[in-house]
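Here's a quick tour of one model, with the cut-offs spelled out as they come up. Have your viewer ready.

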Amino acid sequence: MPTRPLIQTDRSRIATFQECPYKRFLNYHLNGTGIESSKVALPLVSGIAVHQALEGFLTGGDVDEVVATAVQGYRDVVIERGLQHNITPDRWFMAEQCWLLECVMRAWHQHRLPHILGEYEILDAEVEFPHVLTEGLEQMVRLDARMRHREMGGLEILEFKTVSSPSYDWEQQWERNLQIITNSRGVEQFYGERCEGVKIEGLVLGMRRMENAKSSPFKGLKIRDTPYCYAWKTKDAFDNTVYERSYQAARIWKKCAIYDEPGMTPTKWVATFTEKELNNLFVPRPSVRPVPRLVERWRQQTVAQELRIHAALDKYEMLMAEGLEWEAEEVLYRTFPQHVGACKKYHAPCAFEDACFDDGIGKDPVGSGLYQIRVPHHTAEEE
């Protein structure tokens, strides 16, 4: 029998189909490559910059060089592509965001890295490998880091997660989290060793909120609610500037942007944080090892889902090649229905809303200028 062509998937494809099947089609399969928004999402580009820096720290990179490279990369992408949801990357916004990212990076290096290195030996970072789900179907996996417990000797995975504000649901999700399930199984299969768990390093960036206080110099701006960027200041008896990170109601105190304070740097500002304050800005979760029967159930469900998707894609492409567009559309919409409940998820419109519901844009998303051909995120895709 002829061997079926290799089907490649990844965690993002699997999760996107469960969120909205038509989004999966647009993002990963339209015209054979998939499309993405021409502009970048702020949480995504911020998370990428933080990941880049933290992985540099894990592999022994120079702190200043690692931070400078990651922040400059963030700046370049935002300026080149712009941001989704009508966010204008003007001077104050870029100053705030770049300051925030550098503070987060330096604070993690100062506060969390020593704990991790004291407990674990880092084996590698940003490692990629194939995870075989069944014959002819593999998942492309990328880990933030693999590490080994110094005392117990067990193999574990380290994953970084930036979060605006860690809710109860965020903290409780990990036992059944798709990334934990897929990565732990993938590591065991590829390296032939039991994975003792996945450790999550949560980094709190703060919510973006509209400033409404009448006395605030930032009234009307959507600023980051984080002590990394904003504080209250006054003068002491010797005319020295004094800062407080908690709210100060007295009139002698004025809210200020730390990134605009003369002589202040992210290094100096982070150095003033107490241990208790830093504990509130990081949410490390204990290692989680998923239940084996849950992992196997997930594998079976995912195999069925992905094979069904690719069989439908083959049929769709065949019908389109034969000029049977009506029949092809029937296959498309049966396999990739629109989940309209996901259109406004996370209080913002889906990046694919225009391509979904505007017929003109939907016929030529890339030509509209709102979308571009999707950039591969895995080495295996590029090959």
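## Ground rules

Contact here means heavy atoms within 4.5 Å. This is a predicted model, where local features need pLDDT of at least 70, side-chain atom pairs count only at pLDDT 80 or more, and totals for chains, interfaces and linings use all residues. Residues are numbered from 1 along each chain as its sequence is written, and side-chain values use heavy atoms, with hydrogens and water left out.

A nonpolar core is a set of buried (under 20% relative accessible area, 1.4 Å probe, protein chains only) Ala, Val, Leu, Ile, Met, Phe, Trp, Tyr and Cys residues joined through side-chain atoms within 4.5 Å. The largest one has 56 residues, and F57, Y74, M105, W108 and Y228 have the most contacts inside it.

Skipping neighbours within four places in sequence, Y74 is in contact with L42, V45, S46, A49, F93, M94, Q97, C98 and L101.

## F160

F160 sits in strand β5 (residues 155-163) and is buried, at a relative accessible area of 1%. H51 is 109 residues away from F160 in sequence, yet their C-alphas are 6.7 Å apart. Beyond four places in sequence, F160 also touches L54, E55, L58, W108, D144, E201 and L203, besides H51 itself.

Technical notes
Buried means under 20% relative accessible area, exposed over 50%, partly exposed in between (1.4 Å probe, protein chains only). Helices (H or I, at least four residues) and strands (E, at least two) are DSSP runs, numbered from the N terminus.
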